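Q: Hi! Could you walk me through this one?

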Amino acid sequence: MRACRQEAEILWNREIAPGRYRLGLEAPAIAAGANPGCFVMVRASGTGAPLLRRPFSVYGLIEERSGAIGIEILYRVVGPGTARMAACAGGDRLDVVGPLGRGFRLAEPSERVVIAGGGIGVAPLVFLARRLVRKRGGAEGVVAVVGAGCENEVLGVDEFRALGIEPVVTTDDGSCGLQCRVTDPLGGYIERQCPDMVYACGPTAMLRCVAQLASKHRIACQVSVETMMACGMGACLGCAVESTEPGVYLHACTDGPVFDAGRLRL
């Protein structure tokens, strides 16, 4: 997968929940190499601040009969960089570098998998689910659990349903779905079905619990870590994550962002 830089035209920039946006970019060169779990670095073009690009998981591909012409990303407004993005409209351009990083390994069609997403961490998992369903010719054997703080923060549910996957939804305040942590129904499913693979993306505390569940039942587990990155290419070494090997650190931008859970000290 070779990264490239593009001045990508915005096709749409829709607020789908308070402070959460779905952004479509015309970027055929980036789309051609994008796989589930990879990311792009984005900055509003022609602006001096913020100076550094921001990392975003690829949410999906924009496809036409001729092939993929662009990518979608899902983002939450948290600072000046994302606030500037939210102010952009169709026809504006963003400075984009990608695709970057190491993505998910796809389970075999015969394997049962469970996908667990927390908050904005659902973004790479929707792309993953699309690829899994395409590879299998259907959604059989794929289960999804989606968690968030409240109903307004629940993302990806309609996309999973469109694939034939009815996700279990959890919220901290009980405003949507079950009032519990995403790891509660996940743990119950693992106890009953013992899947072959667990995929997860979300806050570190959630990933830690998911990894512990998978380890307890000796189930393969891949996690996509959420961490800030300055360059996205391994030059600044600012996205170090601690490995289980004493004294060894890995870098989310080049070694990840997807890792076998057993490699990380979460």
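**Strands and overall build**

A: Happy to! Strand E12 (residues 220-224) and E15 run antiparallel, joined by three bridges; strands are DSSP runs of E with at least two residues, numbered from the N terminus, and two of them pair if DSSP finds at least two bridges between them. This is a predicted model, where local features need pLDDT of at least 70, side-chain atom pairs count only at pLDDT 80 or more, and totals for chains, interfaces and linings use all residues. Residues are numbered from 1 along each chain as its sequence is written, and side-chain values use heavy atoms, with hydrogens and water left out.

Q: Which residue does Ser224 stand opposite in E15?
A: Val258.

Q: And what order do the seven strands of the open sheet take?
A: The order is E10-E9-E8-E7-E11-E12-E15, with mixed pairing. Strand E10 (178-179) and strand E15 (258-260) are at the edges with a single partner strand each, so one side of each has no neighbour in the sheet.

Q: Zooming out, how many helices and strands does the chain have?
A: Six helices and 15 strands; helices are DSSP runs of H or I with at least four residues.

Q: What share of the chain's residues is buried?
A: Buried residues are 50% of the 266, where buried means under 20% relative accessible area with a 1.4 Å probe, counting protein chains only.

Q: What about contacts between residues 24 or more positions apart?
A: They make up 64% of the chain's contacts with a separation of 6 or more; a contact means heavy atoms within 4.5 Å.

Q: Last one: how big a box do the C-alpha atoms fill?
A: Roughly 55 × 45 × 40 Å, taken along the principal axes.
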